[in-house]
Amino acid sequence: MTLIMDNNNATPEVAPMMEESRPKKKKKAIVFKIIAYAVCIFLTILSIFPFWIMFINATRNSPEITSHGVALLPSNHLTENIDYITKDGDFNAMRGFINSLIIAVGSTLCTIYFSTMTAYALVAYEWKLKNAFFTFIMAILMIPAQLTGIGFYKFMYKINLVGSFIPLILPSIAAAGTVFFMRQYMKPSLPMEILQSARIDGAGEIRIFHTIVLPLMKPAMATQAIFAFVTSWNQLFMPQMLLLRDKTKYTMPMMVSLLRGDIYKTEYGAIYVGLAMTVLPLFVVYFLLSKYIIAGVALGGVKG
Amino acid sequence: MKSLENEQEAVNEISTVITDPPVKRRRLNHNAFGYIFSIPFVVIYLVFHLYPTVYTIFLSFTNALGLDQEKVSVLTSDIFANYKKILGNLTFREGFVNTFLIWIMNFIPQMLLALLLTAWFTRHRNKIRGQGFFKVVFYMPNIITAASVALLFATLLGYPTGPVNDLMVKSGIFTESYNFMNNKTIARIVVAFIQFWMWYGYTMIILISGVLGINPEIFESADVDGASEFKTFIHITLPNLKPIMLYTLVTSLIGGITMYDIPKSITDGMGAPRNATLTNTMFIYNQVFGGSYSYKNASAASMLIFLVILVLSAFVFLMLTDKDEAREKKENKRRMKEFRRAQKLNQQGGAF
């Protein structure tokens with residue numbers, strides 16, 4: 001041992017040292033791997049388990065759930081539970097689904113179309129206020145909507161838009177975060193020569209935007225569309241303010257609060273089915289698009 | 001119009017020469033479209049974002065109360081009366097403390113776990129397999145409706161017959177069912193845990209992408225010099241991750257201060273038990289929709305929270321951008337020094 005150490009100090013060669021510690025290193029590597037995989041598997045279970053119980057308990061009836069809260073295999077009461085939750089009461093998954101879909105699709109289309117347009121204005125043209133405008137967009141990037149919601153609500157009340165989907169859709173035309181992302185994506189990839197030659201061929205600016213720029217931006221638009229959709233679908237604060245009075249206008253996340261109602265108090269199976277209904281569309285979207293979603297999250301992080 | 005055309009001629013002769021004759025109407029300088037394409041954003045921003053913001057500020061200085069108030073007027077005797085009232089309001093203070101407690105209890109473990117996983121997932125030796133799968137699973141809770149997740153946890157922790165209580169009693173850990181959501185501290189921990197559970201995957205992915213953005217040459221030289229994975233992470237990865245960690249801190253802080261969905265859905269919506277899970281945004285909401293339509297209180301509370309966010313973000317932002325380059329240089333120097341020292345230590349002491 002000492003001999004090797006001396007040797008090592010005199011001539012800093014790595015080979016003898018590596019030789020010496022190889023079995024030790026191997027053992028360390030195995031210990032590390034056991035710990036790492038154990039933690040990862042534990043976290044995997046932690047992520048899946050609550051949803052697993054939810055889906056399983058959605059197929060069980062109240063007596064089964066109260067006697068054994070946790071079961072790994074489904075039972076056969078799914079249709080009863082669905083009947084109960086769809087029979088009467090205010091919870092209406094189909095209504096919530098349609099309402100949420102209208103709002104989410106509307107605001108997603110607004111967000112990606114107009115954000116791409118705004119980003120295009122910031123990238124392709126030279127105008128006086130361009131830099132000031134971009135600085136402004138950076139500045140408003142993180143203003144949380146919750147804190148100006150009071151003024152927003154009272155304003156909507158005055159112009160009679162409470163109970164309408166419009167205040168949940170139109171404001172997404174001005175989505176600073178998406179504009180920022182689109183600009184970052186567009187800046188290095190927009191082929192200015194092609195735009196110039198299209199101009200020379202006599203194409204108008206609006207046509208150039210629609211026929212050249214939008215198709216080029218498809219990948220970025222798809223990524224942003226997923227996030228815009230999910231964000232809009234999941235939001236609770238704004239819809240709860242604006243649509244509270246009219247139960248036929250409730251969105252999916254608002255429907256969830258109805259599951260606390262008295263008629264479901266002892267119908268555990270029905271509660272689980274209701275929850276599963278609100279969550280299922282997102283699961284489908286996620287497992288179809290998870291690859292793009294993860295990539296999109298990673299991209300979003302680099303901007304910081 | 002004329003001057004615009006002249007400018008265009010100066011900037012770009014070719015396009016004017018070619019487009020002028022066939023087009024009847026003289027074409028607008030194409031750079032003017034920078035303004036035209038920005039119009040939708042600006043108009044919508046002014047109407048639906050800026051005006052409500054200004055209006056909220058205005059309301060916080062008025063006597064706005066009730067749904068159909070005839071005339072809202074600015075306070076005359078004491079313009080800051082609403083603010084003073086809110087600052088003295090015990091429930092508001094409680095909500096503020098709750099919000100911070102819940103945020104801290106979620107953010108610290110979230111960052112630590114995300115850093116640990118980042119270190120593991122970006123190792124150069126002993127790579128962990130199945131990373132793609134783990135990322136997808138860890139991120140999954142983030143995309144699910146927070147309101148649903150909150151009610152799901154409330155149901156799982158149900159008293160006396162929820163699945164968690166069932167497991168605990170049957171396995172002998174508890175002698176009888178425990179009412180988790182009736183204990184103030186535990187209720188806050190549950191909310192913080194859900195927040196943590198929903199966001200650590202997101203933070204991890206962002207940090208990993210940050211590590212992948214670091215110049216790989218630094219890692220290669222560290223590897224060649226025989227620096228251990230642990231030392232490489234502490235001395236090279238962490239300092240380089242600082243900007244991204246600060247970014248995560250700011251976004252998490254803003255999200256945390258305005259937290260609403262989970263605490264609203266996990267209890268009765270009023271912050272049970274005994275205001276333990278009442279957050280700032282819930283307080284604001286309840287001021288208006290709790291029945292009294294007290295716009296004046298709600299807007300004053302909003303502006304106070306807004307102020308806190310502004311100060312905190314400005315603080316972090318300054319740390320992030322001011323003297324950025326100077327600091328970077330200093331940082332690099334220090335890192336090189338530290339790295340050399342680590343190298344030396346490594347050579348002297350072998351692997352430990």
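This is a predicted model: local features need pLDDT of at least 70, side-chain atom pairs count only at pLDDT 80 or more; totals for chains, interfaces and linings use all residues.
On the B side, 104 residues are in contact with 109 residues of chain A. Together the two chains bury about 9500 Å², and 74% of that area sits on carbon and sulfur atoms. Three residues of chain B, namely Phe37(B), Phe41(B) and Ile143(B), supply 9% of the area that chain B buries against chain A, more than any other three residues. Helix 3 (residues 33-59) of chain B gives the largest share of the side touching chain A, with 19 residues. Sorted by class, that side of chain B holds 67 nonpolar, 27 polar and 10 charged residues.

What about salt bridges across this interface? The rule finds 0 between chain B and chain A. Polar contacts, on the other hand, link 22 residue pairs, both residues being at pLDDT 80 or more.

Now for the rings: the count is 56 aromatic pairs over all chains. One of them joins Phe55(A) and Phe283(A), whose planes meet at 65°, over the 60 degrees required, so the pair is edge-to-face. Phe55(A) lies in helix 2 and Phe283(A) in helix 15 of chain A, so the pair ties together parts that are 228 residues apart in sequence. Phe55(A) is partly exposed at 29% relative accessible area, while Phe283(A), at 10%, counts as buried.

Chain B has an edge-to-face pair too, formed by Phe153(B) and Phe193(B) with 6.1 Å from centre to centre. Here Phe153(B) counts as buried at 8% relative accessibility, and Phe193(B) as partly exposed at 30%.

Technical notes. Residues are numbered from 1 along each chain as its sequence is written. Chains are lettered from A and ligands numbered from 1 in the order in which they are written. Side-chain values use heavy atoms; hydrogens and water are left out. Contact means heavy atoms within 4.5 Å. Buried area is the accessible area (1.4 Å probe) that two parts lose on being put together, summed over both. A salt bridge is a side-chain nitrogen of Lys or Arg within 4 Å of a carboxyl oxygen of Asp or Glu. A polar contact is a pair of N or O atoms within 3.5 Å; within protein, one must be able to donate a hydrogen and the other to accept it, and residues adjacent in sequence count only if both atoms are side-chain atoms. Helices (H or I, at least four residues) and strands (E, at least two) are DSSP runs, numbered from the N terminus. Ala, Val, Leu, Ile, Met, Phe, Trp, Tyr, Cys and Pro count as nonpolar, Asp, Glu, Lys and Arg as charged, and the others, Gly among them, as polar. Rings of Phe, Tyr and Trp (its six-membered ring) pair if their centres lie within 6.5 Å; planes under 30 degrees apart count as stacked, over 60 as edge-to-face and the rest as tilted. Buried means under 20% relative accessible area, exposed over 50%, partly exposed in between (1.4 Å probe, protein chains only).
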